[in-house]
Amino acid sequence: MNKIELSVVIPCLNEENYISDCIDSILMGKFDLAKLEIIVCDGGSTDKTLLLLEGFKSRCNLKIIHNEFQKTPFAMNLGIKNSIGDYIAIVGAHSKLPSNYFSDLIKSLHNLKADNVGGVLETCVKSDNKLSNSIAAVLSDKLGVGNSTFRTGAIEPTQVDTVPFGLYKKEIFNEFGYLDTRLVRGQDLEFNKRLITAGKKIVLIPEIKLKYYCKESLTGIFKHYFRTGYWVINLPILTSKLTSVGVRHITPLFFSVGFIANLLFLFSGYKYLLPFYLIYLMIISVRSFQINNEKRSIVLLILTFFCLHFSYGLGSLYAVNEFFFKCLIGLLSRLIACLIFILALPILILVSLIIKFTSKGPVIHWSKRVGKNNKIFLMPKFRSMYIDTPDVATHLLNNSESFITPIGKVIRKTSIDELPQLLSIIKGDMNFVGPRPALFNQDDLIELRKFYSVDKIKPGVTGWAQINGRDEIEIPLKVKLDTEYLIERSFFFNIKIIFLTFYNVLLKKGIKH
């Protein structure tokens, strides 16, 4: 049996119009098919994608993996985890690769002593009309996409901040982990920034070109780049690293803010601000004249430039507003925790006295827990077990009931033992809602949460897994529910979880001990 050298990962969802071209281009390449595996991570396609993929199984070593969360970074991570090749290439279904693509990338990876290499995107369209051709021209122009070298090209191999559909040695993922699943877009940029920060080398190979099929309507461009702008600004917000984005990524934000501000001033009678629009219109008009030809339209080029810039910036502006709202909610949560703690003082004192006089040991048990980014913190709970109880999860104890104190049974059933965790919320170690913090020695739970990026959000007093089983569910299902929360979390979703928590506590649902 031939050893697999290269694993090609393709995230996919309802791609029947593109997937055949993509896989055909791989199979017609110069790379030895006996040493190659293709892993398609399908997010539940409802078109003919799966049928088309089944047809390829007789022609190559193709695996189909179900991506239940239907998001690109999950698909990439599943593909990487299930790959067996020495090299991993991540390819989009909308791409068509040249015959020498993988062989030349592997050669370049070694010759340049790089850690990630990629080629130049040639933006293409399926429909040959003036609108689609105008869109493709703007997406390949520096005025449209800034210094995105992988779109505009280069003269010689160039060190860059990211490349499309990069090729890596698999060991790089063993060293740096997986892609951040919180980022529906920009996850490859964030990963590459991690590499660069660690001194790794990412190189664009200009002579290696691949075709990429873009959106072919202004509506499609607006939606696509609104989401792109939103997620790119979320890179520094979610990772707390300003270096995760460059100047080209934040420029549209300032453009949109300036555009909207000038409109408001203009409607208020401050007409002297009108030149802002005229200057911008003049710039994109001049450039449109320069790149126009018989297959394009000056008017459509101008509209595409504006649609691209404004939608990208508007998405970024929305992300900034959302960030400030979340900061406000976070501050409000800590204030509410302070208020509840003060109001609950009589109960806290009463429970403390009962614990003190009914069993030996401290009133509060400070448990070593795993917080955001896998940092250990001490989480307070009313002690509900005897002091000689092993420091493991309750369900791992033999005859766990024998370790629980008489008052412990009451406060665990009513969840009163959780009240001291208000201190963790006030301190900032926890939120009201989030994945329940793992014990420091729950290695299986910690590793699985790390794979799905659940470790990158603050733990909570209650959570989506808590109200869907609490002590009764196994770790894989618990992490699945935690991941669902990671994807769906919002202010109103948190409110729903809090109300369901009170409901479950009243009914004692999912509480074994």
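Two strands are said to pair if DSSP finds at least two bridges between them. Strands (E, at least two residues) and helices (H or I, at least four) are DSSP runs, numbered from the N terminus. The model is predicted: local features need pLDDT of at least 70, side-chain atom pairs count only at pLDDT 80 or more, and totals for chains, interfaces and linings use all residues. Residues are numbered from 1 along each chain as its sequence is written, and side-chain values use heavy atoms, with hydrogens and water left out.

**Strand β1 and its partners**
- β1 (residues 6-12) pairs with β2 (residues 36-42) in the parallel sense over 7 bridges; the partner of C12 in β2 is D42.
- β1 also runs parallel to β4 (residues 87-90), joined by 4 bridges, and V9 has I90 as its bridge partner there.
- Together with helix α1 (residues 19-27), β1 and β2 form a right-handed β-α-β unit; right-handed means that, with the strands pointing away from the viewer, the path from the first strand over the helix to the second runs clockwise.

**Burial of β1**
- In β1, 7 of 7 residues are buried (under 20% relative accessible area, 1.4 Å probe, protein chains only).
- L6, V8, I10 and C12 are buried on one side, and S7, V9 and P11 on the other.

**Nonpolar cores**
- A nonpolar core is a set of buried Ala, Val, Leu, Ile, Met, Phe, Trp, Tyr and Cys residues joined through side-chain atoms within 4.5 Å.
- The largest has 88 residues, and I10 is among those with the most contacts inside it.
- Another core, of 33 residues including F259 and Y280, lies apart from it.

Note on methods:
Buried means under 20% relative accessible area, exposed over 50%, partly exposed in between (1.4 Å probe, protein chains only).
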